[in-house]
Amino acid sequence: MPSSIDFESVRRRLADGEGGYEIVHTSPGLELGVYVLVAPEPDRQQPHEDDEVYVVLEGYGVLEIEGETVELKEGQAAFVPAGADHRFVGYEHLSVLVIFAKRDAPD
């Protein structure tokens, strides 16, 4: 059954606080989350088991992926393959929609 996902209210709540990550949808094969980073708090991510896409909802930042840098601003996205070392750097206030393609999804 179709449902609406209100990631904007989650983004605002996290941005008004100290940032963080919150899952807004999960289903077999897919996880959506909102990740808000507020400087000077560093991005402490570790490599993930699943492919992911970051879509910038607000702000600007630089994403390091395996030593390469990708500059991102609102409306842009970046793909990170499973297992890749990555983290956001050079941001002040950054909000992203995180899309995970779950590898353990049933066939």
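Q: How far apart do the centres of the positive and negative side chains lie in the chain?
A: This is a predicted model, in which local features need pLDDT of at least 70, side-chain atom pairs count only at pLDDT 80 or more, and totals for chains, interfaces and linings use all residues. Residues are numbered from 1 along each chain as its sequence is written, and side-chain values use heavy atoms, leaving out hydrogens and water. Lys and Arg count as positive, Asp and Glu as negative, while His and the chain ends are not counted; a charge is placed at NZ of Lys, CZ of Arg, CG of Asp or CD of Glu. There are 8 positive and 22 negative side chains, and the distance between the two centres is 3 Å.

Q: How are the planes of Tyr21 and Tyr35 arranged?
A: Rings of Phe, Tyr and Trp (its six-membered ring) pair if their centres lie within 6.5 Å; planes under 30 degrees apart are stacked, over 60 edge-to-face and the rest tilted. The count is two aromatic pairs. With ring centres 6.2 Å apart and planes at 75°, Tyr21 and Tyr35 are edge-to-face.

Q: Which strands hold Tyr21 and Tyr35?
A: Strands (E, at least two residues) are DSSP runs, numbered from the N terminus. The pair ties together parts that are 14 residues apart in sequence, because Tyr21 lies in strand E1 and Tyr35 in strand E2.

Q: Is Tyr35 buried or exposed?
A: Buried means under 20% relative accessible area, exposed over 50%, and partly exposed in between (1.4 Å probe, protein chains only). Tyr35 has a relative accessible area of 12%, so Tyr35 is buried.

Methods
Helices (H or I, at least four residues) and strands (E, at least two) are DSSP runs, numbered from the N terminus.
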